[in-house]
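User: I am new to this structure and would like a close look at one part of it, the aromatic residues and their surroundings. Could you walk me through that part and then link it to the rest?

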Amino acid sequence: MAHITSRARGFAGASLLALATFSAGIAHAQIAGGASATAAPLGAGATTPNAGPTVSGHVYDPSGAALPGVRVVVDQTGAQTTTSLDGGFTIAVPADGDVSLTFDYLSRPRQNHMVAFADRAAAVEITLGMPEGSNEVIVIGSLLDTTARALNQQRQADNTTTILSADAIGRFPDPNIAEALQRAPGIGIERDQGEGRYVNVRGAPAEFSAVTVDGVAIASVDPTTRAVDLDTLPSDIVANLEVSKSLMPDQEADSVAGAINIKTRSPFDRKGLAVNAMAGASYNQFGGTSDYRASGSVSNVFAGRTVGLLLSGSYSSTHRRPDNVENVWDLVGPATNRVFGITETLFKDYDTKRERIAGTAAFEVRPTDATKIWVRGSYARFKDDEYRDRLSIIWTDGTIQPGATNQSATYTNTRIEKQVRHRVQLNEIWTAMAGLEQNVGGGKITLTGAWSKSDQSYPRRDELLFRSTLRPTITYDFSGDADLPRYSLFQTGEHLRTETFGFRENAYRSNTTATEEKSFLARFDAPIDWGTNTVTLSVGGKYRDRDINADEERLRDRRASAAPTQTLAQLLGDDESRNFDYDLGRRFDEDAANAYFDRTKATSERRMPQSVTADYLANEKIMGIFGMLRGQFGDTTVIGGLRVETTDFRASATRVLPNGSLAPTLAKTGYTEFFPNLTLRQAFNENLIGRFALWRGINRPNFPSVVPRALETTDANTVRVDLGNPNLRPMLANNVDAGLEYYIRPLGVISANAFYKDLTDYRYTVTRQGTYLGQAAILTQAENAPEGKLYGIELNWQQQFKFLPGLLGGLGVFANYTYTQADAKLAQAYAGRQTYALPGQSKHMWNAALFYEQGPVNLRVSYTKRSDYLDEVNADNSALDLYWEGRGQLDATASVQLMKGINLFFEGKNLTNSAGVRYYGVRQRVYEYEKFGYSLFGGVRVKL
């Protein structure tokens, strides 16, 4: 593949040449008047600079909702632009005479409007008619309406973009943004206890995709990664989800796979008063528990639609009791007969309550079409309150017996432990932004200031461990059912003899990570005369300053004085503890456990040096500037530009020296990178769109990976140490994207998009056996791979079968498939291997949904699936690489409109009760097997 790699690098450099060519021509140009207009980029239609006389206005549907993505064409000249999210547009028109405008929007009939010469100064207001083929029933927020909003914006976009609109998100049983995004082409998700948390765009690791809210960068609440926990953000606060799969020069370069922008609602999304509300409840199969969700928003415009105000809020609570079994595998037995065997088994019985609270507010002033002033803010809070009862079998504390195989073994003198953990995790994300857009002459000035903060804390992370005095002989056997193997313990029942258990230890951890960022942006866009065409010159810069403070305390007490006054039997409640068909005994009484934790935490012994070595401080400053030229030449749009970003990073931590003493350590690095860009959009006709892009992106190291620290974590009998690597370099990617999209009338699309990413200094996390402070440990450290690649293709088909007769015309399909391949070559070989697959990369991902929408009735059945993917590399033995098994999930939704604006809905989630499975090397060596059960949810939606 060497020739492909060098070619990709050459193509990326070619965009610099394209920019130079553009600049040479512009050096002789003058700021213009009277040239034809350019097609506006996505979301910028109303404020794209135009030279000479213009006409402005807004486009709405019959309910008063703004229509984004409408193609507006001046019939006399062929000039065109696109409406923005608020339905607004401004377009250059001939200097004299009346102007004929055509409004083209998928799913609705084209509409022509004549603007008299004398009326040019007045804002044009257009209401597009009912969707083609519809009856007179107006279904507010119907599936087809929301699909049209997304497809029209995608059709008009300059770069490869995927859009999910708010109501389309609401048509799936997706409580958070991660789960909403899994429906889009090329996007897979990583789950925690059945709920989506991180997204993998085009098979890349989650941290390769930056996340913004209304353009404001948000940091991860998780201190271990740059990947944003999207389960913190509920889907109810969203107006649009925008995934840019190829970047533009004016976008920040820190996305290699795709930039995700979460657009919140605006008061100008509708003509006047808008009220949205939803409430519902569920039944959950595992545990017989219930979830509750409610959301609402209200907005209005005042003073002749020049002032707008919006408030929205969302609340949800979930109560789940998943079943979970984990087996840690390694090579065991005497040197003459080493086999793959179990070192410990953990039966985890969860009782988890999760609560999400979110809100947004917006105040916007638009005194004229030339001026926009706004202040926006958002808040999201995620609380995970979890009780976990754990039964442990420590096999390696015993002795393996002769006759062991790779699937079964018998140990004598094993150890049995029983533990309760109460963990409360709290994530909070704040964003605030103020901005101004001002048209000046033919140009536009944009100024913004933004602040964001992401916090993660653990008010509780409390553990109490008991150990049995019995040392039983136990056999395990994976030869039958590898997911739920046979353990002889559940026939002999030693773990049920509570009188044999005595106090072993208590352990407490408190973690607080605070990340705060301030940013400032200035931008200027101006039209420049280029013969008979108009080219837009855009220049600007953005400064970002991020501070990270990670603090952790660890306590542990094994003294006899720390033992509970009650016996284990007295601490247990009446509730049965069971995982699948394994009888674990009785669950701990939660009140009794909390009373013990509250009584002993203050006197528990501080663990050193872990309470100091886990902490770190970091600061990252990024200054980015860009120059971009955008021109439309007939049906061809050409964009060339260059972005330059300078990064300054500093960090401090405390490490243990070889002599056992503690010493502060510092890390400092800085670098400047160039990001050339060439993007082409070719409209072969109004519905057949081709795109091609050469661009460059960056992924900076995760903060803990580059901070000079060593973090030790002990879980049961396993010691793990994460080592920082201050010499890590950022990963750079040269990207080639090409795609073709055909939009089907009245509503649908068939598309194919191919991509190739040439990766330099790809970061790989290597896990190997070693020692830490004199004890055996599993060491994990990030390293740079000299080269890597990621490539694939996305196929997408969406269509309603209007051509079918009668009621069958309500049938339709959503289907997409993504194929990806990827690998990276490390600087050195580990255990004979130097080339590795990329973690998080599934070779196959697909979604399929069959829907029916006719009048007030909407039905949908959907299935999403991804193939197996690598989770963690074991550098010592490839047979112990850790994989996630590909998981499929079947969901269904149904709704009926009772009256205008009021819908009853029903949702079924995970109807197949699909398991989450991790395994070592081959499927027979199951590490984790977890099931969450199905969930049935029903409620009412109001949209007025």
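**The aromatic cluster and its surroundings**

W329, W395, Y411, Y476 and F478 come together as one aromatic cluster. Please keep in mind that the model is predicted.

W395 and Y476 make an edge-to-face aromatic pair, with 5.0 Å from centre to centre and 80° between the planes. This pair links distant parts of the chain, since the two residues are 81 residues apart. W395 belongs to the loop between strand 20 (371–394) and strand 21 (399–400), while Y476 is in strand 25 (residues 474–477). Are these two buried or exposed? Both W395 and Y476 are buried.

Beyond its neighbours within four places in sequence, F347 is in contact with N324, V325, D389, R390, L391, I393, Y487, F490, N579, Y582 and L584.

Now back to rings. How many aromatic pairs are there? The count comes to 28. A further edge-to-face pair is formed by Y762 and Y764, with 5.5 Å between centres and 65° between the planes. Y762 has 2% relative accessibility, so it counts as buried. Y764 counts as buried too, because its relative accessibility is 1%.

Some rings have a charged neighbour instead. The charged end of R860 sits over the ring of F814, 4.7 Å from the ring centre. R866 lies over the face of Y869, at 3.9 Å from the centre of that ring.

F580 has a positive phi near 55°, although it is a residue other than glycine. Look for F580 in the loop between strand 29 (572–579) and strand 30 (582–588). With a relative accessible area of 14%, F580 is buried. D214 also has a positive phi, about 55°, and is not a glycine. D214 is placed in the loop between strand 11 (211–213) and strand 12 (216–217), and at 13% relative accessibility D214 counts as buried.

One runs from M608 to P609, with omega near 5°, and P609 lies in the loop between strand 31 (605–606) and helix 8 (610–613). Another joins R745 and P746, where omega is about 5°; P746 is in the loop between strand 38 (731–743) and strand 39 (748–772).

Three strands form an open sheet in the order 4-1-7, with mixed pairing. Strand 4 (88–92) and strand 7 (124–127) are at the edges, each with a single partner strand, so one side of each has no neighbour in the sheet. On average, neighbouring strands of this sheet are turned by 30° against each other, direction ignored. Strand 1 (residues 54–60) pairs with strand 7 in the parallel sense over four bridges. For an example, find G57: its bridge partner in strand 7 is V124.

Definitions and conventions: Residues are numbered from 1 along each chain as its sequence is written. This is a predicted model: local features need pLDDT of at least 70, side-chain atom pairs count only at pLDDT 80 or more; totals for chains, interfaces and linings use all residues. Side-chain values use heavy atoms; hydrogens and water are left out. Two strands pair if DSSP finds at least two bridges between them. Axes are lines fitted to C-alpha atoms, for helices over the stretch in contact, and angles run from 0 to 180 degrees between N-to-C directions. Buried means under 20% relative accessible area, exposed over 50%, partly exposed in between (1.4 Å probe, protein chains only). Contact means heavy atoms within 4.5 Å. Rings of Phe, Tyr and Trp (its six-membered ring) pair if their centres lie within 6.5 Å; planes under 30 degrees apart count as stacked, over 60 as edge-to-face and the rest as tilted. A charge sits over a ring if NZ of Lys or CZ of Arg is within 6 Å of the ring centre and within 35 degrees of the ring normal.
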